[in-house]
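Q: Hi! Could you walk me through this one while I have it open?

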Amino acid sequence: MITSIAMRELRSMFLSPLAWSVLAVTQLILAWSFFTQIDFFFNIQPELATLPNAPGVTDLVVMPTFEAAGIILLMVTPLLTMRLISEERRNGSIALLLSSPVSMTQIVLGKFLGIVLFMLIFIIMISMMPLSLLMGTELDLDKLAAGMFALFLLLSAFSSAGLYLSSLTENPVVAAMSTFGLLLLLWIISNNTGDNTAALTQLSLLSHFAPMLRGLIDTADIAYFVLFISTFLLLTIRQMDSQRLQG
Amino acid sequence: MSSQALISVNNLVRYYGDYCAVDNISFELAAGDILGFLGPNGAGKSTTMQMLSGNLAPTEGEIHINGVDLLDKPGAAKAALGYLPEVPPLYKEMSVDEYLRYCAKLRRIKKADTKDAMVLAKQRCGLSDVGKRLIGNLSKGFQQRVGIAQAILHSPQVIILDEPTVGLDPIQIREIRELITELGKSHGIILSTHILPEVESVCNRVQIINEGKLVYASDMKGLLAQQATGKYEISLHRPPSVDEIRATDIIDQVEQLGDNSFIVHISTTADKLADTAVNNNWGLSKLVPHEHSLEQIFVNLALGDGEQL
């Protein structure tokens with residue numbers, strides 16, 4: 001049941017030009033960023049050769065591309081998640097789900113899974129670029145896998161927040177704007193300088209995402225993302241239930 | 001609550017903030033019933049329908065669908081339910097077939113049965129030729145039919161239709177009414193509508209809601225009996241005076257409408273009235289029952305003077 005809802009969500013994303021344009025635009029920008037990183041790598045390669053323990057192509061090309069992907073998706077995810085629930089509520093199609101023998105949890109998980117599947121397609125597409133380097137050089141594949149995993153967790157977290165904010169309003173643009181605001185805040189919150197910033201840093205998405213890009217998979221970081229995602233999913237379920245009560 | 005009742009509603013109450021939209025409604029629906037649910041705008045019809053379909057939670061009260069509590073076991077209760085809301089719940093970017101296949105999955109129709117169910121639903125709603133077309137490109141009437149197809153796809157015991165004939169042309173309306181009548185033989189149907197002749201033509205029970213309260217409930221036979229109150233409108237070529245008419249045996253009361261037409265109250269059947277008119281050589285040209293129609297009942301109730309009935 002969850003997969004039926006997820007597959008419909010995914011299909012309908014690809015039936016509209018939105019998904020295609022998002023994939024095309026982000027791919028184009030990331031290709032440019034990837035290209036400039038490679039150019040940069042070629043330029044400094046002679047100096048790197050003299051260094052012991054020099055960073056390799058994975059560190060200098062692949063990981064910056066993944067970081068750029070995270071930042072671009074910070075701006076793009078709100079556009080993908082905004083209509084998940086708000087539009088169904090606005091044009092009344094939510095009644096189909098609510099009068100069918102599916103629970104609120106199944107509806108919310110289905111929608112979440114749908115958007116996460118889209119994110120997976122996105123991750124696979126941008127990972128093609130680094131993988132194409134395998135034709136000419138060696139890559140640290142473990143590090144690449146860590147980067148993909150980090151991006152997956154990050155984008156799932158973005159999606160869960162977007163899903164929740166989409167359940168709060170009937171207006172997709174409001175949902176998109178508030179999702180963008182929340183994600184950006186959680187991204188930059190760790191840049192705070194001064195005392196007592198440890199707690200804020202712990203809240204930040206970036207401070208849990210960046211270490212993984214360096215190949216450092218920490219249980220605490222994974223736990224952060226899992227908690228982040230489940231919190232927003234639970235909030236969404238609660239919100240949908242209370243809307244049934246309040247109408 | 002009897003065990004045969006497909007829907008049984010007890011003391012249903014729904015508040016929007018302080019505003020009471022539905023106030024203590026109770027009713028039952030048995031298999032084979034087609035219940036017409038009438039009321040002026042804002043009376044609480046759609047709210048009641050939304051609660052019955054699980055889209056809204058009631059503030060108080062109980063709903064049992066096919067004997068299963070909708071609030072305790074929503075999954076099991078909703079499996080026996082087909083619902084067409086006021087606005088059909090369609091995904092405009094999908095084709096009719098894709099949409100119905102998705103509905104079949106949501107309604108837990110087995111894969112092997114899906115195709116048959118889709119063919120039957122499309123055939124019943126006259127959609128056989130448009131299966132491949134996008135719902136967004138269909139006309140309002142066809143979209144409405146897709147909405148109905150979705151509600152009957154899994155042949156649920158209970159079908160709830162909120163204004164099903166809105167936006168249809170007269171031929172489609174007739175087809176949908178025939179469909180409802182046919183479905184009503186094996187299912188229980190609740191039909192909300194503004195169109196009173198629709199209720200008179202398809203429903204066997206009628207129920208009027210006003211300001212959140214159930215103000216009238218009757219089966220159609222009761223209504224027809226009420227209509228046959230012995231009031232007839234007659235037109236005569238050679239009208240006698242009012243007193244002369246009143247002097248006949250069978251006529252209790254006379255009101256003069258125009259020069260030639262009268263409303264008469266009789267205590268016997270209409271053929272006696274015709275005989276009387278012929279025997280007295282009044283030149284009878286028209287004799288029609290002066291109905292206490294559903295429309296009158298509706299208007300009386302909506303204006304709040306239901307006591308007249």
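Q: What should I know before we start?
A: This is a predicted model, where local features need pLDDT of at least 70, side-chain atom pairs count only at pLDDT 80 or more, and totals for chains, interfaces and linings use all residues. Residues are numbered from 1 along each chain as its sequence is written, while chains are lettered from A and ligands numbered from 1 in the order in which they are written.

Q: How many helices and strands does chain B have?
A: Chain B has eleven helices and 14 strands. These are DSSP runs, with helices being H or I of at least four residues and strands E of at least two, numbered from the N terminus.

Q: And what does its C-alpha trace span?
A: The C-alpha trace of chain B spans about 75 × 45 × 35 Å along its principal axes.

Q: Which domains does chain B get?
A: Domain 1 covers 7-219 and domain 2 covers 230-289; such bounds come from an automatic or database domain assignment. Taken over C-alpha atoms, the centres of the two domains of chain B are 46 Å apart.

Q: What share of chain B is buried?
A: Of the 309 residues in chain B, 42% are buried. Buried means that 20 or more other C-beta atoms, placed from the backbone, lie within 10 Å of the residue's own; 12 or fewer is exposed, and in between is partly exposed.

Q: Over to chain A: at what angle do helices H2 and H6 pack?
A: H2 (residues 17-50) and H6 (residues 104-132) of chain A pack at about 30 degrees, with their axes 10 Å apart. Axes are lines fitted to C-alpha atoms, for helices over the stretch in contact, and angles run from 0 to 180 degrees between N-to-C directions.

Q: Which residues of H2(A) and H6(A) meet?
A: Among them are Leu23(A), Leu30(A) and Phe34(A) in H2(A), and Phe118(A), Phe122(A) and Met129(A) in H6(A). By class, the contact has ten nonpolar, one polar and no charged residues.

Q: Back to chain B. Where is Arg145(B), and why does it count as buried?
A: Arg145(B) is in helix H5 (residues 140-152) of chain B, and counts as buried because it has 28 C-beta neighbours inside 10 Å. Not counting residues up to four places away in sequence, Arg145(B) touches Cys125(B), Gly126(B) and Leu127(B).

Q: What about the phi of Asn66(B)?
A: Phi of Asn66(B) is near 55 degrees, a positive value in a residue other than glycine. Asn66(B) is found in the loop between strand E4 (60-65) and strand E5 (68-69) of chain B.

Q: And Arg108(B), where is that?
A: Arg108(B) is in the loop between H3 and helix H4 (111-124) of chain B, and has a positive phi of about 55 degrees. Arg108(B) is partly exposed, because 15 other C-beta atoms lie within 10 Å.

Conventions:
Two residues are in contact if their C-beta atoms, placed from the backbone, lie within 7 Å. Ala, Val, Leu, Ile, Met, Phe, Trp, Tyr, Cys and Pro count as nonpolar, Asp, Glu, Lys and Arg as charged, and the others, Gly among them, as polar.
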